[in-house]
Amino acid sequence: MSNARILTLRKKEKDSAAVSQGFEPFERKNAVVPLYFLLVVVPEGQDKYVKDLLLNANPPAAMLFSHRASGTASSDLYEVLGLENNKKRTVVSLLRKDTYDDIAPKLSAKFRASEYSRGIAVLIKATSLYGLSAYKLFSHHPLPYAGEDTEKEKSSMDNSMEAIIAIVNDGYSDIVMSSAKAAGARGGTIMHARGSGSKEAETFYGIEVTPEKEMVLIIVDRAIRDSVLESIGKACGLLTKGQGICFSLPVSEAIGLAGGVEENGGEGNS
């Protein structure tokens, strides 16, 4: 893993082996801004409001992705909540905490505005991210973008599980899965989504966000997290044709998993 370009987003993770080799990880030389995974679920037709909030926030979300979903609450619960339509839209983004803080009051007010606009928002701190270029894009880091991924990055590991999320252009999910399996993952779930990008991403970073996206969720043991991230990143990174971002989130508890991987080892589509 000495060649991995994985940026750890957790505080005070040390890499003494790398330092002893005359290499100091990016997060030791720079103040790393934590990134968070935002998941918003709203009734169908309300997602545009969420997208506009994110793209016009201060600072704006660099990219966001949405896809169709459906509610599974009981009819009694829908009646209590005043919801008749279980058709949903999800909006997800990787962003800074101050972006969320900027939109949170407006989002909360929207949820309270009427029964039709009720939704939920969940914020989860990301633990690692593939590529300095992706980090600079999502964190609004002042360093030049052109020298992407030239510094080696490596993060320490422990024994729990993590959820790896890869978001790539339409048609590249098979490459994501084959790359992940080559690094030890056994299966994943593929979701079809639509992407949007901020003007800043297009103007300053030259990232053209194509609308058709695929989001791949893979659960792995943290012992192979870095290997899986690196394998996916090399095949479908931000500056490849797959134009992908790949990051991990902590898994607190899981049911239906065996040995830290998916029990059936298969791929799913939703």
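## Cysteines, helix packing and salt bridges

C246 counts as buried, its relative accessibility being 4%. The coordinates come from a predicted model, and in this model there are zero disulfides. C246 takes part in no disulfide, as the nearest cysteine sulfur, that of C236, lies 9.2 Å away, whereas a disulfide would need the two sulfur atoms within 2.5 Å. C236 is likewise buried, with a relative accessible area of 3%.

C236 also belongs to a helix contact. Two packed helices are described by the angle between their axes and the distance between the axes. For helix 7 (residues 173-182) and helix 9 (residues 225-236), the axes come within 8 Å and cross at roughly 145°, and the crossing in which helix 7 passes helix 9 is right-handed. On the side of helix 7 the contact is formed by I175, V176, S179 and A180, and on the side of helix 9 by V228, S231, I232, A235 and C236. Sorted by class, this contact of helix 7 with helix 9 comprises seven nonpolar and two polar residues, with no charged residues.

Charged side chains are paired elsewhere in the model, where the count comes to 10 salt bridges.

| Pair | Closest N and O atoms |
|---|---|
| R222 and E162 | 2.3 Å |
| E162 and R225 | 3.2 Å |
| K51 and D47 | 3.5 Å |

The salt bridge of R222 with E162 links distant parts of the chain, since R222 sits in the loop between strand 9 (212-221) and helix 9, while E162 is in strand 7 (residues 161-169), 60 residues apart. E162 also forms a salt bridge with R225, and this pair again joins distant parts of the chain, E162 in strand 7 and R225 in helix 9, 63 residues apart. E162 is buried at 0% relative accessibility, R225 is buried at 0%, and R222 is buried at 6%. Together with D226, the residues E162, R222 and R225 are linked in a network of salt bridges.

Methods: Residues numbered from 1 in each chain as written. Predicted model: local features only at pLDDT ≥ 70, side-chain atom pairs only at ≥ 80, totals over all residues. Heavy atoms only, no water. Axes fitted to C-alpha atoms, helices over the stretch in contact; angles between N-to-C directions. Helix = DSSP H or I, 4+ residues; strand = E, 2+ residues; numbered from the N terminus. Left-handed = near helix turned anticlockwise from the far one by under 90°. Contact = heavy atoms within 4.5 Å. Nonpolar A, V, L, I, M, F, W, Y, C, P; charged D, E, K, R; others polar. Buried < 20%, exposed > 50% of the residue type's maximum accessible area, 1.4 Å probe, protein only. Salt bridge = Lys/Arg side-chain N within 4 Å of Asp/Glu carboxyl O.
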